[in-house]
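The following paragraphs lead through one protein model, beginning with a single residue and then widening to the whole chain.

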Amino acid sequence: MGLFYLNLICIMSFLMSVLALILQYKHLLSILLSLKVMIVSLFVMLLQLNNVALIGECSFIFITLGACEASLGLSILISMIRVRGNDYVGSFSSQKC
């Protein structure tokens with residue numbers, strides 16, 4: 001019964017982070033936090049799969065990719081704040097070099 005509630009909490013946290021990503025896309029930091037909550041909830045749901053072979057290797061790869069995503073996102077955030085002075089997603093432009 002406890003695993004059911006943990007799965008329910010993970011699914012709800014994933015859906016809430018998707019909702020936050022859809023509704024609050026103004027700042028880059030809020031987007032990065034929503035993505036991180038998605039990764040953590042998927043990681044917790046992955047750890048509950050005890051019958052899958054190679055669960056240790058899969059979880060290690062998954063958490064490594066999550067850490068790489070976080071470091072890349074923070075470096076982009078810092079460089080954007082240094083150049084533009086804010087973290088608004090609207091200030092991104094693909095035509096400026």
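Is S34 buried or exposed? S34 counts as buried because its relative accessibility is 8%, where buried means under 20% relative accessible area and exposed over 50%, with partly exposed in between (1.4 Å probe, protein chains only). The model is a predicted one, in which local features need pLDDT of at least 70 and side-chain atom pairs count only at pLDDT 80 or more, while totals for chains, interfaces and linings use all residues. Residues are numbered from 1 along each chain as its sequence is written, and side-chain values use heavy atoms, with hydrogens and water left out.

S34 belongs to helix α2, which comprises residues 28-47; helices here are DSSP runs of H or I with at least four residues, strands are runs of E with at least two, and both are numbered from the N terminus. A polar atom of the S34 side chain lies 3.0 Å from the backbone oxygen of S30. Beyond its neighbours within four places in sequence, S34 is in contact (heavy atoms within 4.5 Å) with S17, A20 and L21.

S17 is located in helix α1, residues 2-23. With a relative accessibility of 4%, S17 likewise counts as buried. Apart from neighbours within four places in sequence, S17 is in contact with S34, V37 and M38.

At the level of the chain, there are three helices and zero strands, giving the pattern α-α-α along the sequence. Of the 97 residues, 18% are buried. Among contacts with a separation of 6 or more, 57% are between residues 24 or more positions apart.

Technical notes:
Polar contact = N/O pair within 3.5 Å; in protein donor to acceptor, adjacent residues only side chain to side chain.
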